[in-house]
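Okay, thanks for having me, everyone. Let me put the structure up and then talk you through it.

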Amino acid sequence: MKQNILLQLHPMTKFYFTLFIFAVVLISPGYIFSFAIFPILILIAMLAGVAKEFLNIVIKALVTVLIFIFIMQMFFYPGENVLWEWGIFEIKQEGIKYGLLLTSRILAIGSAFILFFRMTEVRDFVKSLEDIGLPPMGAYVVLSTLQIIPEMRRQANTIMEAQKTRGVETEGSIFVRAKAFIPTLTPLILSSIAGTEERAITLESRAFSAPVKKTSLHQLSKSNMDRALPIVFALVVIGLIVWRFFL
Amino acid sequence: MKRSFKDDFNMMAMLLIPIAVAVNLVGFQLANVLRLPIFLDTIGTIIVGVIAGPWVALLTGLITNLINGIFNPVYFPYALTSIAIGVGAGYLSKYGFFKSVPKTIISGIIITFIAVIVSAPITVFVFGGVTGNTSSLITAAFLASGQELWSAVFSSSFITEVADKVVSVLIVYFIVKAMSDRYLSKMNYGDLYMKRNNRK
């Protein structure tokens, strides 16, 4: 895993690649080109050794949405050429075309972002943002959010179990279930905000808000590849714009 | 009271953000577990808006959607909606809209309008009108009955949002009421909600 060249790229390079896909998809005409990007992304995921997780998330997050969008466009996009008709439902050629265009773009852009987060640790990405000017406070907020979420999920379950033991109903009519929401959420929020004071003291005892340059234990380095690739991306995008709009 | 933009971002407010983002996510999860027909996924953002002001809430909304987006990129464009909800809640709080139950309900309706006005164009332009959730089915039903795309998207998202947002702001109202003066005194807009004010 450690030797993987793709995974070792600087997070910013991978991020530029995602933006590159975004730009390419928006510039390129038609759906064939955008659909062609997806296999390329799968190939990259395979090379980086994350294909399985990548496909899993794509299927979970995007496929239903895409099917929905496609069906909607097929039936409801305004058009003249009716291909098939049943009562008020009409399938139109324009609808199918627009549906394919829309879904191809969402698939390409969405999966490019999914791939980015499969290949990049959020910690590295935040660090690279800090290097280009994100305040350390911002970086801390994002990272501690990621840490707090599973912690609070666990706590929410504990509180809910405790309230069930007390006799708060979590089954039954919708009204009964809705009433279980507040006794779970209120203690969760109140106990969590009580902890912020300790966090503030801990951070301040390390001079976190002192107006000086911070040293980080976690360092990222850029290779030659990381310097060259963004330029390549930019050139391709400029080339595409020229080809699409000026030729 | 006049405050500068920077004053809003003090340490205590920034430390509230991770909790609020987690509350957004946990609220959504709880609503799922309890099989409630509403999302309740903006409670954290609204709380931050109410006690820490619009700019901190803006960041909360943004971070919530970025983190949701890691696993489902459909959330990325809707970051704008979360941001608008946060800023809206912040300004409503500034003008005292979370001080009593009736006013809170009014602010819930205002927040619904903000959410619908910001999210409908995203739904139409980015996703062509549907995103595969419950409101999409209503949109499809409206479209089938012959409505225009825009009005179908507006009305379906209004129907699904209004209950969600009004319930959310009421929950926020009761949670803020339960917060201690000791904590509220450290938040920028907290002094509006301190119990001490009620004692004469």
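First, the housekeeping. This is a predicted model, so local features need pLDDT of at least 70 and side-chain atom pairs count only at pLDDT 80 or more, while totals for chains, interfaces and linings use all residues. Residues are numbered from 1 along each chain as its sequence is written, chains are lettered from A and ligands numbered from 1 in the order in which they are written, and side-chain values use heavy atoms, with hydrogens and water left out.

Let's start with the records. For chain A, an unreviewed UniProt entry lists "transmembrane region" at residues 15–45, 57–76, 96–117 and 228–246. For chain B, also from an unreviewed entry, the listed residues are 12–31, 38–63, 75–93 and 105–129. Those positions are in the numbering used here, feature names are shortened, and annotations may be inferred rather than shown by experiment.

So what does the model show there? Helices here are DSSP runs (H or I, at least four residues) and strands are E runs of at least two, numbered from the N terminus. Residues 57–76 of chain A are 100% helix and 0% strand, with end C-alpha atoms 29 Å apart. Residues 15–45 of chain A are 87% helix and 0% strand, and there the end C-alpha atoms lie 15 Å apart. Over in chain B, residues 12–31 are 100% helix, with ends 28 Å apart, and residues 105–129 are 92% helix, with ends 29 Å apart.

Now helix 3 of chain A, residues 32–48. Its 17 residues reach 25 Å from first C-alpha to last, close to the 24 Å expected at 1.5 Å a residue; that expected span is 1.5 Å times one less than the number of residues. Which of its residues are buried? They are A:Ser34, A:Ile37, A:Phe38, A:Leu41, A:Ile44, A:Ala45 and A:Ala48. Down the axis of helix 3 of chain A, the buried residues fall within an arc of 125 degrees, so they line one face. The arc is taken from the directions from the helix axis to the C-beta atoms. On the other side, A:Ile32, A:Met46 and A:Leu47 are exposed. Buried means under 20% relative accessible area, exposed over 50%, partly exposed in between (1.4 Å probe, protein chains only).

Last stop, salt bridges. A:Glu53 and A:Arg118 meet in one at 4.0 Å, N to O. That pair links distant parts of the chain, helix 4 and helix 5 of chain A, 65 residues apart. A:Glu53 is partly exposed at 39%, whereas A:Arg118 is buried at 17%.

Then there's B:Lys186 with A:Glu197, at 2.6 Å, N to O. B:Lys186 sits in the segment after helix 8 of chain B and A:Glu197 in helix 9 of chain A, so the pair joins two chains. B:Arg182 is linked with both of them in a network of salt bridges.

Finally, B:Lys165 bridges to B:Glu161, with the closest N and O atoms 2.6 Å apart. Both lie in helix 7 of chain B, 4 residues apart, about one turn, and both are buried.And the patch: helix 5 of chain B gives the most to the nonpolar one, with 7 residues.

Notes: Salt bridge = Lys/Arg side-chain N within 4 Å of Asp/Glu carboxyl O.
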